[in-house]
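Welcome! Take a moment to turn the model around on your screen, and then let us walk through it together.

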Amino acid sequence: MMKLYADLLEVLVPVIIVVVVVLVLVGLVAWVISIYNKLVKARNRVENSWAQIDVQLKRRFDLIPNLVETVKGYTKHEADIFGEFAKARQMYDTAKDANSVKAMAEADANLNKALNIAVNAVQERYPELKANANYQQLMDELKDCENKISYNRQFYNDTVLNYTNLKQLFPSNIIASMFKFEDKEYFKVDEVEQREAPKVSF
């Protein structure tokens with residue numbers, strides 16, 4: 001009887017060890033897959049939130065030519081005051097092609113500055129422009145666009161923070177390092193004057 005138990009143990013111990021090893025490996029693979037999927041979802045959220053900023057920036061760039069056309073009726077001899085918009089648009093497109101959040105933030109800040117100067121200058125010289133319904137509608141749309149850009153910038157930075165935390169905290173940092181998940185840039189404004197949104201009040 002003792003020999004039967006000994007023989008049974010001799011057969012069962014290797015089987016139990018193999019089962020335990022297999023279970024540990026399956027658990028480890030499931031854990032790696034779970035962490036990897038969380039990192040991918042976080043990275044995709046960052047990219048999606050940047051796309052939302054891009055949509056609003058494009059909308060603003062599309063609004064500006066309409067605003068320029070409306071203002072030109074009042075300022076035929078001063079139409080070149082809006083030349084900075086074209087430069088900012090070109091700078092933004094170049095930064096987008098380079099996939100640089102920092103460069104896009106800088107182009108956006110330059111546009112804000114140009115827009116602020118142009119709008120204020122035109123409103124001071126032509127106060128009757130404020131009564132123009134088309135101008136008012138464009139300014140309302142521009143203000144709404146600025147609010148959405150501001151919200152989406154904040155949301156983008158929040159998603160970058162979540163992704164960065166997941167990428168740097170243990171144990172997910174091991175998986176992030178193994179699969180070479182790259183850092184994502186925050187949308188930062190370097191100059192104090194660029195922190196202010198263009199004033200579109202009237």
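Of the 202 residues in the chain, 35% are buried. Please keep in mind throughout that this is a predicted model. The chain exposes about 12700 Å², and 59% of that area comes from carbon and sulfur atoms.

**The overall plan**

How many helices and strands does the chain have? There are 5 helices and 0 strands, and read from the N terminus the elements run α-α-α-α-α. Looking at contacts in the chain with a separation of 6 or more, 81% are between residues 24 or more positions apart.

Is Val24 buried or exposed? With a relative accessibility of 53%, Val24 counts as exposed, because the exposed class begins over 50%.

Next, let us turn to charged side chains. A search of the whole structure finds 9 salt bridges. One of them joins Lys96 to Asp54, with the closest N and O atoms 2.6 Å apart. This pair links distant parts of the chain: Lys96 sits in helix 2 (residues 83–97) and Asp54 in helix 1, 42 residues apart. The two partners can be compared by their accessibility. Asp54 is buried, at a relative accessible area of 8%, while Lys96 is partly exposed at 30%. Leaving aside residues up to four places away in sequence, Asp54 touches Tyr92 and Lys96.

Asp144 is worth a visit too. Its side chain meets that of Arg59 in a salt bridge, at 3.4 Å from N to O. Arg59 lies in helix 1 and Asp144 in helix 4 (residues 133–168), so this pair ties together parts that are 85 residues apart in sequence. Asp144 also meets Lys148 in a salt bridge, at 3.3 Å from N to O. Lys148 and Asp144 are separated by about one helical turn, because they are 4 residues apart in helix 4. Arg59 is partly exposed, with 26% relative accessibility; Asp144 is partly exposed at 31%, and Lys148 is partly exposed at 36%.

| Pair | N to O distance |
|---|---|
| Lys96 and Asp54 | 2.6 Å |
| Arg59 and Asp144 | 3.4 Å |
| Lys148 and Asp144 | 3.3 Å |

Salt bridges also join up into a network, which links Arg60, Asp108, Glu146 and Arg153.

**A buried asparagine**

Now look at helix 3, which spans residues 101–125 and holds Asn112. Why does Asn112 count as buried? Its relative accessible area is 4%, and buried means under 20%. The C-alpha atom of Asn112 is separated by 9.1 Å from that of Ala88, a residue 24 positions away along the chain.

**The largest pocket**

Which residues line the largest pocket? They are Val46, Glu47, Trp50, Asn99, Val101, Tyr156, Glu182, Asp183, Lys184 and Glu185. Helix 1 gives the most to this lining, with 3 residues. About 210 Å³ of space lies in the pocket.

**Backbone details**

Lys180 belongs to the segment after helix 5 and counts as exposed at 67% relative accessibility.

Where does Pro171 lie? Pro171 is in the loop between helix 4 and helix 5 (172–178). A cis peptide bond joins Phe170 and Pro171, with omega at about 5°.

Conventions. Residues are numbered from 1 along each chain as its sequence is written. This is a predicted model: local features need pLDDT of at least 70, side-chain atom pairs count only at pLDDT 80 or more; totals for chains, interfaces and linings use all residues. Side-chain values use heavy atoms; hydrogens and water are left out. Buried means under 20% relative accessible area, exposed over 50%, partly exposed in between (1.4 Å probe, protein chains only). Helices (H or I, at least four residues) and strands (E, at least two) are DSSP runs, numbered from the N terminus. Contact means heavy atoms within 4.5 Å. Accessible areas come from the Shrake-Rupley method with a 1.4 Å probe; for residues, only the protein chains shown count as cover. On a 1 Å grid over the protein atoms alone, a cavity is a set of points where a 1.4 Å probe fits but cannot get out, and a pocket is an open set with protein on both sides within 12 Å along at least five of seven lines; lining residues have an atom within 4 Å of a point. Grid points are joined across faces, edges and corners, and a volume is the space filled by probe spheres set on the points. A salt bridge is a side-chain nitrogen of Lys or Arg within 4 Å of a carboxyl oxygen of Asp or Glu.
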